[in-house]
Amino acid sequence: MTTTNKTRREFLLTGAAGLALTVAAPAYLRAQSAPLKIGHLTPTTGFLGPLGEYAQMGIQLAVEHINANGGAGGRQVELIMEDSVNPQTASTKAERMFERDQVDMIIGEISSASCLTISQVAARYKKCFVNTGGNSDSLRGKDCNRYMFHVETQNSMYVNAEGQFFKGEGLVDGKNWFTMTADYAFGHDLLAAAKAFLDANGGNLVGDELVPTDATDFSSYLLKIRQAAPDVVALNLAGTQITNFFKQYSEFGLDFTLGGFGFDTVSAWAAGAQNFRGTWPNVWNHLVPNDPSQAFVKAFSDAYGKPPENQAWGDYNAGLIMAQAVAAAGDASGDALVDYLENSEAKFDLMKNRKGYFRPEDHQLIQEIYAITALPADEVKNEWDIFTTSEPLPGADEPLETLAQSVTGGTCSL
């Protein structure tokens, strides 16, 4: 399904695409007519596949809106999409995109391990890679590089946001926690940030289980949780792992406070209102109550028959940001885009209350995030609106970088 002309015109006038592009584009209408080639890599198979499908929908809609609005600095965008599969395949496909397809940049990814391999290829070609889903702090720390930028927020930011919620509920100082962690780079990194938070705030870790990414049966872990009787069960899982855990947690009849430090709304939707519970950090969700967000929700729903997930938001906004960067820089070379994106004057409308910007020392997009809380099943009216959303975090009276302090992952050297 595609958006109607009327819907597209309305969105470009009132939504994020119009805000991001109409200011910059007229000054560069003389730009070369060669298309701007964007490569997009993300996993569409495996345990991250459901997220990857939303990522592809998001970037496709972004390209449609950019092109309908005059292109990126007058250049129409050509999109080349691939399933990244795993880190080794992601590296091979990134190489092919730069070498054979002559893409100007790569956007996408969800796996932190694949982000690392793609970024290494991008750096060799001196082209930009915009990470839209990899959370690992080390990508902003010891594994950073000049040509990698992060639209997705990092693990420490999610931990700090969720941790503040639990502190406010009296569930940290002196309380017992049990963590479940995906056994790969994302999970390890998130666990390190969670441990640092608990250590700093008086929390006790009474259980700490690493879970293989292909695990589907959580019964042995659930028995350990029942025996430990913690105050909080915190998940550092990803993709379909979270959905499966929700369902089995309900089947076991456990009622310990449930939450986590990284979350995608597709996991809540897949679990359903009867199984979804707890409070979770979220970079954006379809209930954010402002005009640009709701214009995006409408355009996406018209195109695909369902509301956008936070991963769709990330890839959509990455497309708009890079179109804005090309228009403003007047050039799609990696160095020109890096110079623009690092500039303190470069601000981006993200469908949130405050504009975001890339922190020059590690290229993290500094922005507001949210917390979502499951609704009781008897209050749910449809399959999508099964949670409530918080006000933006940090609060309006706090600096945007509040949540991006005390991060782990080593020191970035660009």
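This is a predicted model: local features need pLDDT of at least 70, side-chain atom pairs count only at pLDDT 80 or more; totals for chains, interfaces and linings use all residues.
A pocket here is an open set of points on a 1 Å grid over the protein atoms alone, where a 1.4 Å probe fits, with protein on both sides within 12 Å along at least five of seven lines; lining residues have an atom within 4 Å of a point.

Select Asn 160, Ala 161, Gln 164, Phe 197 and Leu 403, the closest to the pocket centre of its 20 lining residues. Next colour α6 (155-168), the source of the largest share of that lining, six residues. Helices are DSSP runs (H or I, at least four residues), and strands are likewise (E, at least two), numbered from the N terminus.

Residues are numbered from 1 along each chain as its sequence is written. Local features need pLDDT of at least 70 and side-chain atom pairs count only at pLDDT 80 or more, while totals for chains, interfaces and linings use all residues; side-chain values use heavy atoms, without hydrogens and water.

Now show Phe 276, which touches Phe 246, Phe 263 and Ile 372 among others, not counting residues up to four places away in sequence (contact: heavy atoms within 4.5 Å).

Finally, centre on Gly 70, in the loop between α3 (49-68) and β2 (77-83). Gly 70 touches Arg 75 and Gln 76, with residues up to four places away in sequence not counted. Its C-alpha atom is separated by 52 Å from that of Trp 177, 107 residues apart along the chain.
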